[in-house]
Amino acid sequence: MQPVHALRLAVFVTAALYMQAGPALKTGLGQRAPWFTTPWRMYHSRGLDQCKMEVFHTPPGGERREVDWVALLGRPWHEAPHIGEHADIRRYVPTLCRALEGQVNVVTTCAASRGYKRPSLTAGLDVCSLPKMGR
Amino acid sequence: MGWLQRLVAFEGSTRAVGLMRIGAGLLLWSRFARELMPLRDLELDRLVISAVFYVSTTAMVVGFATPVAMAVVSALLAVMVLHYGIAGDPEGWSHHHVHVHMLSTWWLALTPCGRSFSVDRWLAQRRASRGGLPAPREWGPLWATRLIGVQLGTLYFWSAIDKLQQHYWTGERLQHLVMNYYTGASLPDPWWFTALLAATGTFVVVLELVLPWGLFIRRLQPVLIPIGIVLHLLFYVLIPVNTFSLLMICLYLAYLPPDSVHRFIDSWLGHEAGSTR
């Protein structure tokens, strides 16, 4: 092999190893990657701070059903608020309780890197009967 | 070891790397020009970075003193990413999108990317014409284009491995992104939407596992390159990836046979297809 080709090969191998180092250590082995590398993780933690919220309404003498809570807040569907944790429902529950007569249950399910965490254990809790939240 | 010899001795038309140089330079402007305006920061070091950026990237795009320009842009991006990006990162310069800009510029700097579509070529042609010599060839060593291929393959492969650890195939991680960017806490739950996200998540992971090796196989390129381009265009439209998608599409030129790119441009311009040598 000519010297110039040997030099190119050395550069090629070094560069290829450099590109693999970050992801192999971080993603492959779960180690800390050196500061001068990048692990090539795309949108790795984006969206993990999001929770979905479901609202169930049981009118007096009626049956329990899921309601379109975004519409009850007076917003179009694409302007639904972001919920980061169950406690965030406090901002919206008073409005829902004013709009709905009867029992209102709110269940939140928050994102996790492997799917979702367990839903909040609030399916049977009437949020409108809670202090400062109700009608 | 014949393949190693072929790898390091690989030569061809420089038109594809010339196009990549222009595309990558324009995307550097798109990504950094606003952040590096002098009015954003009057500290001396930032003013120096700003001046070097505008001068060197302009030379890169127009192809003037190209080897020097590429070396300066490469060094500048290294300073921006590995020094400023790591130390505080006020502008998001340590982000992997910026790493792609840095690495692709490094690898392009190792090619004779100024021999086509450049002021350098125009000057060389003028010199040759005055001396009664034939026009200089658009030809040179292209081993570093394989590094660009390895870079893209690395990015796809490890991104797929990361997604495999994150339940992309169930669609749940895509649901999180939908909530983050579109629906907030009111995630639609009809069965077809859930199934669509699961199918999309699975398809993306499978594609990212196929692209790293498939893009190097010439017979698969007519299928995989359009699929890859559509994937990146969808990313570009649906999630905020900034210049990342367009840079990746631009770098796909590294996979194409350079002489085919040369002949295609000849036929596109209506020139008689001649030898690329």
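Predicted model: local features only at pLDDT ≥ 70, side-chain atom pairs only at ≥ 80, totals over all residues.
Residues are numbered from 1 along each chain as its sequence is written, while chains are lettered from A and ligands numbered from 1 in the order in which they are written.

**Entry: the layout of chain B**

I found 12 helices and two strands in chain B; helices (H or I, at least four residues) and strands (E, at least two) are DSSP runs, numbered from the N terminus. Reading from the N terminus, I wrote down α-β-α-α-α-α-α-β-α-α-α-α-α-α. The C-alpha atoms of chain B fill a box of roughly 75 × 55 × 40 Å along the principal axes.

**Entry: two helices side by side**

Next I picked α2 (residues 15–32) and α3 (residues 44–62) of chain B, whose axes come within 8 Å and cross at roughly 150 degrees. Axes here are lines fitted to C-alpha atoms, for helices over the stretch in contact, and angles run from 0 to 180 degrees between N-to-C directions. α2(B) and α3(B) are therefore roughly antiparallel to each other, a label for angles over 145 degrees. Among the residues that meet, I noted Trp29(B) and Phe32(B) in α2(B), and Phe53(B) and Met60(B) in α3(B). Being in contact takes C-beta atoms, placed from the backbone, within 7 Å.

**Entry: the cores**

A nonpolar core is a set of buried Ala, Val, Leu, Ile, Met, Phe, Trp, Tyr and Cys residues joined through C-beta atoms within 7 Å. The largest one has 56 residues, and Met20(B), Met70(B), Trp107(B), Leu108(B) and Leu251(B) touch the most other members. I saw that α7(B) gives the most to this core, with 10 residues.

**Entry: where the chains meet**

Last, I checked the two chains together: 32 residues of chain B are in contact with 39 residues of chain A. On the side of chain B that touches chain A, α7(B) gives the most, with 10 residues.

How values were computed
Parallel < 35°, antiparallel > 145°, perpendicular 65-115°, else oblique. Buried ≥ 20, exposed ≤ 12 C-beta atoms within 10 Å, placed from the backbone.
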